[in-house]
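Have the viewer open as you read.

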Amino acid sequence: MMTVENLLSQFRATGVQTCFHNRHINPQIYADLNGANWRLRDYESRGGYQALRKILGKDGGEGLTQDQVIATVKESALRGRGGAGFPTGLKWSFMPRQFPGQKYLVCNSDEGEPGTCKDRDILEFNPHIVIEGMAIAAYAMGISVGYNYIHGEIFSAYERFEAALEEARAAGLLGKGILGSSFDFQLHAAHGFGAYICGEETALLESLEGKKGQPRFKPPFPASFGLYGKPTTINNTETFAAVPWIIRNGGQAYLECGKPNNGGTKIYSISGDVERPGNYEIPMGTPFAKLLELAGGVRGGKALKAVIPGGSSSPVLPASIMMECTMDYDSIAKAGSMLGSGAVIVMDETRCMVKALQRLSYFYMHESCGQCTPCREGTGWLSRIVDRVVDGHGRPTDMDLLDNVAENIQGRTICALGDAAAMPVRAMIKHFRSEFEHLVVHKTSMVAAHV
């Protein structure tokens with residue numbers, strides 16, 4: 001008999017499909033993982049918590065000051081792995097050092113960007129690397145309490161992280177007087193309920209406080225008015241996971257793993273029309289062609305048509321442009337898109353771009369929190385117009401109307417969800433306008449297959 005547990009097990013990640021394929025290039029976060037070696041003893045056998053011991057002077061050295069830790073992270077050119085790509089060390093330096101009250105550290109594990117599945121695997125198969133990274137960040141900013149906000153639809157990752165927290169507390173790696181030092185840091189896990197909007201950092205804070213997950217006006221920014229109105233620093237799961245390697249090996253070594261202004265390795269979730277979809281950890285600046293090769297190339301030997309390089313909110317790029325790009329923030333931005341979360345969605349020659357946009361537009365209409373009028377109303381308009389074109393009732397003016405609606409959403413909302421809904425629309429029309437026009441005139445898609 002099919003039970004709920006049996007049904008859900010069909011969709012539960014094992015990691016086999018995603019990160020245990022041995023096709024990474026110089027991995028740091030996924031290195032030596034097999035799915036079973038997630039416990040504290042396993043992590044320590046891989047060098048885990050050496051970085052925390054180093055900064056606290058518990059490895060025979062003198063330890064590092066808060067300024068030295070931040071300087072090392074700045075030198076590494078580590079940029080936020082959640083989407084914006086903001087320099088991590090610079091962000092940490094914004095935390096007011098002498099603030100007399102409570103300060104907070106928050107990990108954004110609300111991984112809801114379509115196409116992204118990297119943070120889930122980190123939490124399930126290497127949770128202690130996130131705990132150590134958060135502890136180092138807390139030390140650097142003088143913070144004593146932290147939270148990891150975990151996407152509600154990956155509850156197994158939440159349970160795994162809770163188990164890792166218990167191990168760390170029992171070993172004296174969290175709590176009061178960590179490793180016999182004067183450093184105190186309490187870390188807690190919290191889970192959401194699957195709202196995409198809670199990936200926006202201020203909506204996450206509202207949810208963490210027990211309120212409706214809606215973005216706040218900025219300023220004030222979280223560094224001055226964050227969780228419970230106190231100074232707060234928020235970073236992505238992968239960002240914290242990169243920190244222990246940086247402290248152990250030095251900022252310069254991490255920088256040299258990538259390219260200038262884009263230090264270290266990055267995990268890319270490649271999906272869509274490839275032979276071997278999954279998570280691939282490779283150095284920043286690796287050519288897209290190499291990543292595509294690692295993923296087995298385009299499925300079935302078909303021609304590459306387009307790529308969404310950074311999750312569904314980033315503008316699509318045609319194959320001719322994408323094949324010239326390297327996988328880093330600056331190269332993708334120069335090409336007219338964003339690296340974002342690193343979710344690489346590959347589309348082959350059989351894909352109808354209008355139908356692809358239909359799916360994306362429906363998603364953003366569904367996930368809008370409704371707080372801002374341009375987003376609440378505009379995402380619905382975008383979705384309905386694209387539906388009209390796909391259904392064969394499109395008008396010759398619809399392409400310009402879509403572009404106009406998107407333009408009036410973009411930059412006019414409290415958070416970036418409005419931009420996330422608008423940018424894919426404008427990019428699809430810019431690069432694949434002929435497909436929209438063909439559907440309007442002939443009432444059928446110009447590609448060989450409909451998906």
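Which residues make a nonpolar surface patch of about 270 Å²? In this predicted model, the patch is formed by Phe86, Leu90 and Phe94. Phe94 sits in the loop that runs between helix H5 (88-93) and strand E1 (104-109). Its relative accessibility is 45%, so Phe94 counts as partly exposed, because that class lies between the limits of 20% for buried and 50% for exposed.

Now turn to the interior. In soluble globular proteins, nonpolar side chains tend to be buried together. Here the largest nonpolar core holds 61 residues, and the members that touch the most others are Leu52, Val130 and Phe185. Helix H7 (residues 127-141) is the top contributor to this core, giving eleven residues. To see how Phe185 is surrounded, look beyond its neighbours within four places in sequence: its contacts include Leu105, Met134, Ala138, Ile143, Val145, Leu174 and Ile178. There is also a second, separate core of 30 residues, with Ile308, Val316, Met347 and Leu439 among them.

A last stop is Ser313, found in the loop between strand E8 (304-308) and strand E9 (317-318). Is Ser313 buried or exposed? With a relative accessible area of 13%, Ser313 is buried, because the cut-off for that class is under 20%. The side chain of Ser313 makes a polar contact of 2.8 Å with the side chain of Glu113. Not counting residues up to four places away in sequence, Ser313 also touches Tyr196, Met338, Tyr364, Ala420, Met423 and Pro424, besides Glu113 itself.

Key
Residues numbered from 1 in each chain as written. Predicted model: local features only at pLDDT ≥ 70, side-chain atom pairs only at ≥ 80, totals over all residues. Heavy atoms only, no water. Patch = residues over 30% accessible without salt bridge, like charges linked within 9 Å, V, L, I, M, F, W, Y side chains within 5 Å. Areas by Shrake-Rupley, 256 points an atom, 1.4 Å probe, with all protein chains shown as cover. Salt bridge = Lys/Arg side-chain N within 4 Å of Asp/Glu carboxyl O. Helix = DSSP H or I, 4+ residues; strand = E, 2+ residues; numbered from the N terminus. Buried < 20%, exposed > 50% of the residue type's maximum accessible area, 1.4 Å probe, protein only. Polar contact = N/O pair within 3.5 Å; in protein donor to acceptor, adjacent residues only side chain to side chain. Contact = heavy atoms within 4.5 Å. Core = buried A, V, L, I, M, F, W, Y, C linked by side-chain atoms within 4.5 Å.
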